[in-house]
Amino acid sequence: MSRTDTTRFRHHQAILVGAIIATIGALPLADARAYLLPVLLVPLAVAVWAWRAGTDANPHGLRLRALLGDRLIRWDQIVELGGDTRGRAVALLTDGRRLVLPAVRHVDLPRLVAAAERGEPVADRDDVPVAQ
């Protein structure tokens with residue numbers, strides 16, 4: 001699998017810029033007293049999260065990335081893709097669980113499905129209910 005067949009969804013990069021500015025702003029505070037040094041960890045963790053967290057979609061499935069880990073969901077584990085009331089994309093899995101897809105909005109669902117390049121349409125499969 002090459003990187004060209006993967007569609008990446010990431011959070012807005014303004015979060016990363018804000019975290020960098022917060023890190024610079026926290027430097028004088030952390031420099032004042034040694035016990036305040038862990039204050040720097042908060043904006044640094046936000047910066048790493050903003051850079052890393054998101055969803056990668058390819059013909060094999062979805063990779064959900066978080067601050068410290070990731071999770072691979074195959075397309076055959078997904079029953080339905082939809083949105084919630086907050087505009088986020090949600091995947092309903094075959095075991096009944098609902099997963100919010102990081103950095104994917106409801107309006108991004110056509111790009112997400114296009115990245116799947118599934119061989120058969122969902123409506124033609126017998127084991128997947130069609131959403132009304």
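Where is Leu67 found?

1. In this predicted model, Leu67 sits in the loop that lies between strand S3 (61–65) and strand S4 (70–74). Its relative accessible area is 31%, so Leu67 counts as partly exposed, the class that runs between the buried limit of 20% and the exposed limit of 50%.

2. Leu67 belongs to a nonpolar patch on the surface, together with Ile15, Val42, Val46, Val48, Trp49, Trp51 and Leu68. The accessible area of these residues together is about 770 Å². Patch membership requires over 30% relative accessible area, and the value for Leu67 is 31%.

3. Which helix gives the most to the nonpolar patch? The contributor is helix H2 (residues 41–52), with 5 residues.

4. A separate point concerns the sheet with the strand order S5-S6-S7. This sheet is open, has 3 strands and pairs in the antiparallel sense. Strand S5 (78–83) and strand S7 (98–105) are at the edges; each has a single partner strand, so one side of each has no neighbour in the sheet. On average, neighbouring strands of this sheet are turned by 25° against each other, direction ignored.

5. The pairing of S5 with strand S6 (residues 88–93) is antiparallel and covers 5 bridges. At residue level, Leu81 has Ala91 in S6 as its bridge partner.

6. Helix H3 (residues 109–116) packs on this sheet and touches S5, S6 and S7. The direction of H3 makes about 155° with that of S5.

Definitions and conventions. Residues are numbered from 1 along each chain as its sequence is written. This is a predicted model: local features need pLDDT of at least 70, side-chain atom pairs count only at pLDDT 80 or more; totals for chains, interfaces and linings use all residues. Side-chain values use heavy atoms; hydrogens and water are left out. Two strands pair if DSSP finds at least two bridges between them. Helices (H or I, at least four residues) and strands (E, at least two) are DSSP runs, numbered from the N terminus. Axes are lines fitted to C-alpha atoms, for helices over the stretch in contact, and angles run from 0 to 180 degrees between N-to-C directions. Contact means heavy atoms within 4.5 Å. Patches are made of residues with over 30% relative accessible area and no salt bridge: like charges are joined within 9 Å, nonpolar side chains (Val, Leu, Ile, Met, Phe, Trp, Tyr) within 5 Å. Accessible areas come from the Shrake-Rupley method with a 1.4 Å probe; for residues, only the protein chains shown count as cover. A salt bridge is a side-chain nitrogen of Lys or Arg within 4 Å of a carboxyl oxygen of Asp or Glu. Buried means under 20% relative accessible area, exposed over 50%, partly exposed in between (1.4 Å probe, protein chains only).
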